[in-house]
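Here is a briefing on selected local features of one protein model. Please keep the sequence and the 3D view open while reading.

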Amino acid sequence: MDMALIRARVPALGVFSLLLSGILLSGCLGGSGSDDVSWPGRDSPDMPDIDEDRILPVVFVHGTAGSASQYQTQAMRFASNGYPEDHVVAFEYSTASLIEINRALTGGLSGDLDDFIDDVLGEFNVDQVYLACHSLGTAVCGYYLTDPDREEKVAAYVAIDGAEGDNCPGDSNCMGLFVDEDNRLGAVNAYVPDETHVQAATSEASFAAQFEFFTGVEPKRTEILPQRGEVEIAGRAVYFPANSGADGTTLRVWEIDPDTAERLESSPVDSFNIGANGNWGPVTLDPTAHYEFQLLRPGRTEHHFYRQPLIRDSALVRLNTSPAGSAIETNTNSSDDHAALVITRDMEWWGDRGDDNDVLEISTTSPLWGDQPPRNIITSAIGDRNIGIHVHDDEATPRISTGNPLPYFPDQAFQWGVDVFMPASSPADGVISVVSTPRGDTDNRQVLNVPNLPSSEHRISLIFNDYIQD
């Protein structure tokens, strides 16, 4: 087969190469599109002309320590190209133990996935779905597709940076999408060699390849088309990495001042009781505003989530918390004097890529303790494989920011830990400011400000978008 090499500039992420065998993508990979930020609808000439028969539900299956979060941005990109908002869903499962990971690796989830797909087929009144599976998820999907009756339910399958082989599993219509250009699955393969493992699931280049493989047409844009007016947001509050619902908790959503993180009203925008499935929402939000998602965990510390605004409707928002007595909790040093953060992004933080390194600076203001100047916590030690960074004052050097790796966390999948002293007070007397300069792009810094609440009473999670656009 002919090989086509396409190079295009993705905003804020530099130059990527997409090498595709068997199908040709061209012209649209740079995120081009209309200046109209309204939602023109699928039949607008500004949308790809997708054959009705090829508009099928897309089922995402994540990998180790993953969730629907790794496909949230892609779902918004699908919608930005006329795909129905509700047609991208996720099959989630637990990777909390080696036993559960081995079950996924050896076909033990095929029955669960089949039940999920049957529910999707019934909900949308269709005969087939598309499968997009990442990492460990390619083993889950690969086993599933070896059964002929199940394979008939799948119109097309994309394996993202996972299983390899000379042939597609079963008799499926598959495409392999890899970081390493030496890898392949079957006859049709796409490559994103300037990306990393998780980024390969969430990037613009990955979306472009998947969209064309599923629909047969190029996307009009790889950026997210913002909506005018309010957006509807929904998701799950779950225990990480089991993806089980945070049963018995309560979620409150507050609009906040983006500079001070202070709540703007005395009552929350909305409140949800979380059940065993973890579901919450929808809640209607202003896409230009900032919000705090406060998870009340009876008898335990409160968990506060702060994320960048979502500019489109999304039903795949995930709020990851820890169960009582978990290893994450017991390995997080807590006190009345310092804050503890978990900073995540579904795109690896790079610390060993020279000019392409990320910069992630943390500073704290506190009249009680004195201000702490900005400190970049991305160093060469972090490498290029981690998406979650735990930050708190270590026990060995209290009230001193050494920047050294924390124990435990670097040994966990896709996680890192850094010793930083962020002075805290109850109630908060200052602000912790976290500034991300993604891949060294100083024109597109991302900023989240949170209150300096003590880790003895509060957990704080910051969620940065895995996409960069003006």
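This is a predicted model: local features need pLDDT of at least 70, side-chain atom pairs count only at pLDDT 80 or more; totals for chains, interfaces and linings use all residues.

Asp466 is buried (under 20% relative accessible area, with exposed over 50% and partly exposed in between; 1.4 Å probe, protein chains only).

Residues are numbered from 1 along each chain as its sequence is written, and side-chain values use heavy atoms, with hydrogens and water left out.

**Surroundings of Asp466**

- Asp466 sits in the segment after strand S24 (458-463). Helices (H or I, at least four residues) and strands (E, at least two) are DSSP runs, numbered from the N terminus.
- The side chain of Asp466 makes a polar contact with the side chain of Thr73, at 2.8 Å. A polar contact is a pair of N or O atoms within 3.5 Å; within protein, one must be able to donate a hydrogen and the other to accept it, and residues adjacent in sequence count only if both atoms are side-chain atoms.
- Beyond its neighbours within four places in sequence, Asp466 is in contact (heavy atoms within 4.5 Å) with Thr73, Thr202, Arg345, Asp346 and Met347.

- Helix H3 covers residues 110-124. At 1.5 Å a residue, its 15 residues should span 21 Å, and the end C-alpha atoms are 21 Å apart, which agrees. The expected span is 1.5 Å times one less than the number of residues.
- The buried residues of H3 are Ser110, Leu113, Asp114, Ile117, Val120, Leu121 and Phe124. They cover an arc of only 120° around the axis, which puts them on the same side of H3. The arc is that of the directions from the helix axis to the C-beta atoms.
- Asp119, Gly122 and Glu123 are exposed on the other side of H3.
- The buried residues of H3 pack against strands S3 (58-61), S4 (88-91) and S5 (129-134), and against helices H4 (136-145) and H5 (148-151).
- H4 is itself mostly covered, with 9 of its 10 residues buried. Among them are Leu136, Val140, Cys141, Tyr144 and Leu145.

**Salt bridges**

- Side chains of opposite charge can pair when their charged atoms come close.
- The whole structure holds 15 salt bridges.
- Asp384 and Arg353 pair at 2.8 Å, N to O. Asp384 lies in the loop between strands S19 (372-376) and S20 (386-392), and Arg353 in the loop between strands S17 (341-349) and S18 (359-364), so the pair ties together parts that are 31 residues apart in sequence.
- Salt bridges that share partners also join Asp114, Asp118, Arg150 and Lys153 into one network.
- Arg353 also forms a salt bridge with Asp352, at 4.0 Å, N to O. Arg353 is partly exposed at 31% relative accessibility, and Asp352 is partly exposed at 43%. Asp384 is buried at 14%.
- Arg103 meets Asp112 in a salt bridge, with the closest N and O atoms 3.1 Å apart. Arg103 is partly exposed at 39%, as is Asp112 at 34%.

**Backbone exceptions**

- Most residues other than glycine have a negative phi, and most peptide bonds are trans.
- Asn125 has a positive phi of about 55° although it is not a glycine. Asn125 is in the loop between H3 and S5 and is exposed at 71% relative accessibility.
- Ala65 has a positive phi near 60°. Ala65 is in the loop between S3 and helix H1 (72-79) and is buried at 17%.
- The peptide bond from Phe240 to Pro241 is cis, with omega near -5°. Pro241 lies in the loop between strands S9 (231-239) and S10 (244-245).
- The peptide bond from Gly281 to Pro282 is cis, with omega near 5°. Pro282 lies in strand S13 (residues 279-285).

Technical notes: Lys and Arg count as positive and Asp and Glu as negative; His and the chain ends are not counted. A salt bridge is a side-chain nitrogen of Lys or Arg within 4 Å of a carboxyl oxygen of Asp or Glu.
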